[in-house]
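Q: Could you take a close look at the aromatic ring pairs here and walk me through them?

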Amino acid sequence: MKKEDIDKNLLPLTVNGEHLSPVLPPGIKNYLIDIDGTICDDIPNEEPERMATAEVYPDALATLNRWFDEGHVIFFFTSRTEEHRAVTEEWLKKHGFKYHGMLMGKPRGGNYHWIDNHLVKATRYRGKFTDLIDKEVTIQVFDDGKHE
């Protein structure tokens, strides 16, 4: 799916006659992928000269391009700053990454806790990209009075 086709594929969502934010079709995921230490060598913003020569993680390239080809939405969400956009886009192009867009300026420091009105799933990268598997884990959620 091309970037310009994402909005065309969004499904309208209406609850009690009110329009809500649209959603992707069933089976299509929005992937937000970190760059440094996830798809390539971990390069800090303080050493931007290394960004152009970072070593790609081959399993990340193969997996993300397959997900793209399957119709999923691929966005990179990085702590790199806007001034690093050009070198980052050139590096992604050089290595053949297929993606829809890139969000710069993710807060640094890790320990992320994403709060959203849409379902959010998180997968911590620990050295290898593979197909995703189902695993039961304990997570923190808001106490909405519904205990499923």
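A: Happy to! Rings of Phe, Tyr and Trp (its six-membered ring) pair if their centres lie within 6.5 Å; planes under 30 degrees apart count as stacked, over 60 as edge-to-face and the rest as tilted. Ring pairs of this kind link Tyr 31, Tyr 57, Trp 67, Tyr 125 and Phe 129 into a cluster. This is a predicted model, where local features need pLDDT of at least 70 and side-chain atom pairs count only at pLDDT 80 or more, while totals for chains, interfaces and linings use all residues. Residues are numbered from 1 along each chain as its sequence is written, and side-chain values use heavy atoms, with hydrogens and water left out.

The count comes to seven aromatic pairs. Tyr 31 and Trp 67 are stacked, because their ring centres are 4.1 Å apart and their planes are at 10°. This pair links distant parts of the chain, 36 residues apart: Tyr 31 belongs to strand S3 (residues 30–33) and Trp 67 to helix H2 (residues 58–69). Helices (H or I, at least four residues) and strands (E, at least two) are DSSP runs, numbered from the N terminus. Both Tyr 31 and Trp 67 are buried; buried means under 20% relative accessible area, exposed over 50%, and partly exposed in between (1.4 Å probe, protein chains only).

Next come Phe 76 and Tyr 99, an edge-to-face pair at 5.4 Å centre to centre with 65° between the planes. Phe 76 lies in strand S4 (residues 73–77), and Tyr 99, 23 residues apart from it, in the loop between helix H3 (85–95) and strand S5 (101–103). Phe 76 is buried at 0% relative accessibility, whereas Tyr 99 is partly exposed at 24%.
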